[in-house]
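Work through the exercises below with the sequence and the coordinates open beside you.

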2 protein chains.
Amino acid sequence: MKRPVIAIVGATGAVGTELIGCLTRRNVPVASLKLLSSARSAGRTLSFRSQPIIVEELTEKSFSGVDIALFSAGASVSRKFAPHAVNAGAVVVDNSSAFRMDGDVPLVIPEINARRIKEHKGIIANPNCAAITAIVPLWPIHRSNRVKRLILSTYQAASGAGAAAMAELVESTRAHLSGQPFDPRVFPHPYAFNLFSHNTDIDPATGHNDEETKVMRETRKIFEDDALAVGVTCVRVPVLRAHCVSMTFECERPIGEEDVRTLLSDAPGVRLVDDRVRNCFPMPSDASGQDDVLVGRIRRDFSDSTGHSIAMFAATDQLLKGAALNAVQIAEHLL
Amino acid sequence: MKRPVIAIVGATGAVGTELIGCLTRRNVPVASLKLLSSARSAGRTLSFRSQPIIVEELTEKSFSGVDIALFSAGASVSRKFAPHAVNAGAVVVDNSSAFRMDGDVPLVIPEINARRIKEHKGIIANPNCAAITAIVPLWPIHRSNRVKRLILSTYQAASGAGAAAMAELVESTRAHLSGQPFDPRVFPHPYAFNLFSHNTDIDPATGHNDEETKVMRETRKIFEDDALAVGVTCVRVPVLRAHCVSMTFECERPIGEEDVRTLLSDAPGVRLVDDRVRNCFPMPSDASGQDDVLVGRIRRDFSDSTGHSIAMFAATDQLLKGAALNAVQIAEHLL
């Protein structure tokens, strides 16, 4: 495939904006770019490589002539329109959860399993953003010394819920600081200087929310290891656009913090930020706008005296590696 | 002891203010209240039960006639002045880390080990605020079915670093929202819409910061269980005054989420907030101003298939149960 026609579904959203930015910045060869959105946002003009492009309304007929369709408009839009894109001959890279666990849909982080891309039957799924934050730095370790148990607590930014959620964080904080009331619209709870359990639906039987279930299942699928035991707690914190994950993991064989540091020091997509003297570790403010997953606080897990467990902390730009960048990397592999 | 003379060291600080509030609200019988601070804050007038009290400068001679001295001005002030208070005949309830691990200093959460109060030799220590958040709801479980492994990730508020840190969160956020630069003074990192690893010193050998070491050691001391294995990651989040803790723990015998809910449903100092249908769980905004530790998200830890492990999430007002309230409860036991 050379110089493809690329479509972006959800072009006016937070991830859509970053998809345009990644295509530009990475000099992806594009014959033409089609920007698609709901009727509400259609008609707006966006810019790609200094050319104005008018956003068109997404319809079943939008994909004629499209080679690669980058979807980022939520699972229901993907479920409804991705089949039309595939029927029109496009390869779909889907950022939603709609198809991630389908047996014949590759779930891809290029640094880990790019080889699965060619097995696609029209759709390739982009993993959950919290999962990506944990999985990218865990993979080099897992490959060397199998991770058999993994416990995660997340610190997730507003951006994971889209541009409206980011605006709600800003506006509710502004209201709080000026003593004004604010009625949340996107989230069910106040967000200014507050945090809350992730706002996805909760399985009444297990008590796990959908975000947690995604992280557990997607980690196993990407690692191709059904026996990997994962426990996750997903929390929304008042941060704008970078997710963090606190992780404790147990390996099959003994492992030391120096082993982990060596494994991660030249791992693709990973940057070590692990300075004990200056107290510099991964932070959302440093991860924002960066391609790499930052990882640090690598140390022995003191809850396991057997020497099999390590604790560490990672941060990633949720809109870049957590979404748009990973999708564009997949598109690059398709070319 | 009846109608004691009480002194508050650090009276103008964030915890000092709450100490005055707790003494008032809980109708603690007080013959007179002495407010002490550094020279910088001395001379200010505060109000106690509608009476104005002039804050005096803390000196070695401040404790003459004082029965109970509530210290909350940092470890170095406690180390320097608590011995003078004890020599003058006062009982010190110290909110700092100065004496917590001393063998002859009881480390007390009244709901757990009030019986240790009478063993004091002049000083009783108030535990670390992140430790309190985890320990209060864990204790009823531990007592019933020993917790042998504990993994914590914290979400800690500005208030843990005092009133200046709370002001820095507000001011830096205000600056961020108006596009103005802001130079952090209290913390080493930007705080507006950001989070960072806890700002205490880091042991270069283990990579654990002092806050994490406190949580590990204090949990074992309060539970009187040196074999309890604890792993902790302490993180500062942009929240004003309530700490949260995500915990995963493994018990000696199998345990189900209903067992935990039953054990916690009438536990002192604990309030269950665990509504899966409405997605209502412990949040800083609900914990702020409340005496109880809120606990919820009680569910099986999916990283352990043996049925011995549970995950849950707690929130507590760092200034109340995390500091001032616990100290005043100890003072009440002394009376």
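The exercises that follow concern confidence, backbone angles, a histidine and salt bridges in a predicted model.

**Exercise 1. Confidence**

Task: State the mean pLDDT of chain A and the ipTM and pTM of the complex.

Solution: Begin with the chain, where the mean pLDDT of chain A is 97 and 100% of its residues reach 70 or more. Then turn to the complex, to which the predictor assigns an ipTM of 0.96 together with a pTM of 0.97.

**Exercise 2. The surroundings of His142(B)**

Task: Describe where His142(B) lies, whether it is buried or exposed, and which residues it touches beyond four places in sequence.

Solution: 
1. His142(B) belongs to helix α4, residues 129-144 of chain B, and its relative accessibility of 9% makes it count as buried.
2. Leaving aside residues up to four places away in sequence, His142(B) touches Val147(B), Phe223(B) and Asp225(B).
3. For Val147(B), the backbone nitrogen lies 3.0 Å from a polar atom of the His142(B) side chain.

**Exercise 3. Salt bridges**

Task: State how many salt bridges the structure holds over all chains, and then examine the pairs Arg241(A) with Glu18(A), Arg149(B) with Glu250(A), and Glu111(B) with Lys321(B).

Solution: 
1. Over all chains the structure holds 46 salt bridges.
2. Arg241(A) forms one with Glu18(A), and their closest N and O atoms are 3.2 Å apart. This pair links distant parts of the chain, 223 residues apart, since Arg241(A) is in the loop between β12 (235-236) and β13 (242-251) of chain A and Glu18(A) is in helix α1 (residues 14-25) of chain A. Both Arg241(A) and Glu18(A) are buried.
3. Arg149(B) forms a salt bridge with Glu250(A), with 3.5 Å between the closest N and O atoms. The pair joins two chains, because Arg149(B) lies in strand β9 (residues 147-155) of chain B whereas Glu250(A) lies in strand β13 of chain A. Both Arg149(B) and Glu250(A) are buried.
4. Glu111(B) forms a salt bridge with Lys321(B), the closest N and O atoms being 2.7 Å apart. Here too distant parts of the chain are linked, with Glu111(B) in helix α3 (residues 110-113) and Lys321(B) in helix α9 (residues 320-334) of chain B, 210 residues apart. Glu111(B) is partly exposed, at a relative accessible area of 21%, whereas Lys321(B) is buried, at 1%.
5. Finally, salt bridges that share partners join Glu257(A), Glu258(A), Arg261(A), Asp274(A) and Arg276(A) into one network.

Conventions:
Residues are numbered from 1 along each chain as its sequence is written. Chains are lettered from A and ligands numbered from 1 in the order in which they are written. This is a predicted model: local features need pLDDT of at least 70, side-chain atom pairs count only at pLDDT 80 or more; totals for chains, interfaces and linings use all residues. Side-chain values use heavy atoms; hydrogens and water are left out. pLDDT is the predictor's confidence in each residue, from 0 to 100. Helices (H or I, at least four residues) and strands (E, at least two) are DSSP runs, numbered from the N terminus. Buried means under 20% relative accessible area, exposed over 50%, partly exposed in between (1.4 Å probe, protein chains only). Contact means heavy atoms within 4.5 Å. A polar contact is a pair of N or O atoms within 3.5 Å; within protein, one must be able to donate a hydrogen and the other to accept it, and residues adjacent in sequence count only if both atoms are side-chain atoms. A salt bridge is a side-chain nitrogen of Lys or Arg within 4 Å of a carboxyl oxygen of Asp or Glu.
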